[in-house]
Amino acid sequence: VAHSAMILAWRRRIAVGALVYAIVRYRILELTPTNATDRVVATMSEALFLVAPDGLVEWANPAAHALCGVAPGQLRGQPWARWFGGLAAGPGRRDGELTTAAGGTVAVSASVAEVHDRLAQLVGLVVVVTDIRARQRDAAALQAAHDLLEHRVAARTHELAEVNQRLRDESAGREAFAAQLARSERLASLGLLANGICHEIGNPLAAVLANLEAVRVLGGRAGSRADLAEIVVAAGDAASAAQRIRASLGDLRHFALEADQTPSMVDLDDVLDDALRLLQHEVWVRATVERQRAGRLPLVLAAPSRVIQILVNLVSVLVADVEPGARPPRRLRVQTSSEGDRVVIELTAIAGGAAPALTALAGTGPSLGLTITREMIEALTGHLAIAPVDGGVRIRVELPARTLAAVAAAASTGPTPQQ
């Protein structure tokens with residue numbers, strides 16, 4: 001029996017030594033085979049236990065005694081379950097808790113391997129135990145950092161959503177303000193046109209009344225052929241004057257309410273003359289108008305009321321600072337021409353004296369009202385430029401020329417976004 005026990009003990013030591021040597025062989029290149037295993041086991045940071053089949057600890061390295069909180073050699077003969085409970089029940093790797101001698105607990109990870117002899121008999125267990133408290137602290141810190149990052153991302157996402165909503169609200173507010181500003185600009189121009197419209201309507205209205213009175217008088221007679229002829233002439237004159245009134249009111253209504261923005265082929269000379277006619281009672285008391293033409297202009301595809309508003313805005317801004325009847329009056333030269341595929345309108349204002357408003361317009365660029373006018377011109381794929389000239393300022397408007405054939409071709413292929 002004693003001889004068998006000695007053989008069993010030697011087999012255990014040989015098996016444990018072989019296993020440890022295999023585990024740490026990469027660290028013992030500089031060591032001799034005789035002392036490599038003992039030195040590595042003694043200095044390794046992991047706790048190493050050799051456990052007999054009956055569950056008693058036969059040997060443990062210094063790291064194992066330190067982990068359990070006991071003096072060197074005190075683990076020998078102690079039951080494995082005293083420190084680990086059911087943690088090492090069977091081979092494999094698992095996490096659990098180790099109970100120290102002081103009654104505390106330590107989070108550990110244990111790797112258990114069975115050792116067998118040549119007859120496949122279990123001769124013991126090799127247990128490597130690692131303190132995982134630092135790893136758990138790192139994992140907890142990582143999880144906390146992850147949770148904090150998630151919280152910050154959620155908060156930032158919420159802030160960005162609020163900012164985007166504010167931007168959308170501000171954009172909608174700016175669009176509404178721009179629309180209201182454009183309407184205010186139209187109404188301001190409409191007020192400027194009121195005096196001219198009154199004269200434009202008053203003269204034909206007087207003609208209508210005079211001709212109707214003539215018809216009434218002639219109709220009260222017995223009725224000769226000459227009287228009937230005069231009645232026909234008077235009625236025709238009254239109808240013509242009434243047509244002029246209706247046309248003036250229609251222009252005023254379209255200008256004020258933008259009732260019809262349907263693009264059509266427009267002759268800029270005709271539209272410019274209409275604008276000057278509407279403004280004549282406001283412009284001609286402040287400036288002398290020089291109208292210059294360069295022959296027949298190509299047509300422009302635009303809404304006539306929109307073009308009239310553009311021209312009224314441009315003409316009025318050049319004479320708005322002049323008092324009616326001022327001497328010497330301001331010179332206003334209105335010129336139209338064509339350059340390649342562009343139709344050009346040039347409005348040049350020359351001051352008779354000091355004109356701070358013209359100097360500011362030439363130096364600083366468009367005012368708020370002209371900014372709206374610029375947007376209207378750019379919507380027609382046109383261009384507005386303001387430049388100083390000797391004694392005044394020049395406003396240049398370029399609009400793309402169109403031909404009926406080009407418009408028909410564009411309609412057949414489909415409109416571009418700009419068109």
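Predicted model: local features only at pLDDT ≥ 70, side-chain atom pairs only at ≥ 80, totals over all residues.
Biologist: What makes up the protein chain, in terms of helices and strands?

Modeller: The chain holds eleven helices and twelve strands. Of its 419 residues, 35% are buried.

Biologist: Why is strand β1 called largely enclosed?

Modeller: A residue counts as buried when its relative accessible area is under 20%. In β1, residues 47-51, five of the five residues are buried, so the strand is largely enclosed by the rest of the structure. Ala47, Phe49 and Val51 point one way from β1, while Leu48 and Leu50 point the other way. In a regular strand, side chains alternate between the two faces of the sheet.

Biologist: How do you know that β1 is paired with β5 and with β2?

Modeller: Two strands pair if at least two bridges are found between them. Five bridges join β1 to β5 (residues 122-131), and these strands run antiparallel. Three bridges join β1 to β2 (residues 57-60), again in the antiparallel sense.

Biologist: What lies between the strands in the hairpin of β1 and β2?

Modeller: Five residues lie between the strands, and in this hairpin Gly55 takes a positive phi near 90°.

Biologist: What makes β7 and β11 the edge strands of the five-stranded sheet?

Modeller: The sheet is open, with mixed pairing and the order β7-β9-β10-β12-β11. β7 (287-292) and β11 (383-389) each have a single partner strand, so one side of each is left without a neighbour in the sheet. On average, neighbouring strands of this sheet are turned by 15° against each other, direction ignored. Strands of a sheet pair through backbone hydrogen bonds, either parallel or antiparallel.

Biologist: How do you know that β11 is paired with β12?

Modeller: At least two bridges are required for a pairing. Seven bridges link β11 to β12 (residues 392-400), in the antiparallel sense. That count meets the requirement, and the two strands are therefore called paired. As one of the partners, Ile386 has Ile395 in β12.

Biologist: Which helix packs on this sheet, and which strands does it touch?

Modeller: Helix α7 (residues 268-283) packs on the sheet, where it touches β7, β9 (330-339), β10 (342-350) and β12. The direction of α7 makes about 170° with that of β7.

Biologist: Why is the contact between Glu159 and Arg156 called a salt bridge?

Modeller: The cut-off is a side-chain nitrogen of Lys or Arg within 4 Å of a carboxyl oxygen of Asp or Glu. For Glu159 and Arg156 the N to O distance is 3.1 Å, and the pair therefore qualifies. Both residues lie in helix α5 (residues 133-219), three residues apart, about one turn of the helix. A search of the whole structure finds 13 salt bridges.

Biologist: What makes the salt bridge of Glu398 a tie between separate parts of the chain?

Modeller: Glu398 forms a salt bridge with Arg342, with the closest N and O atoms 3.8 Å apart. Glu398 lies in β12 and Arg342 in β10, so the pair ties together parts that are 56 residues apart in sequence. Glu398, at 18%, counts as buried, whereas Arg342, at 21%, is partly exposed.

Biologist: Which residues line the largest cavity?

Modeller: Val307, Ile310, Leu311, Ile345, Val397 and Leu399 line the largest cavity, whose volume is about 30 Å³. Helix α8 (304-319) and β12 each give two or more residues to the lining, and α8 gives the most, with three.

Note on methods
Residues numbered from 1 in each chain as written. Heavy atoms only, no water. Helix = DSSP H or I, 4+ residues; strand = E, 2+ residues; numbered from the N terminus. Axes fitted to C-alpha atoms, helices over the stretch in contact; angles between N-to-C directions. Contact = heavy atoms within 4.5 Å. Buried < 20%, exposed > 50% of the residue type's maximum accessible area, 1.4 Å probe, protein only. 1 Å grid on protein atoms, 1.4 Å probe; cavity = no way out; pocket = protein on both sides within 12 Å on 5 of 7 lines; lining within 4 Å. Points joined across faces, edges and corners; volume = space filled by probe spheres on them.
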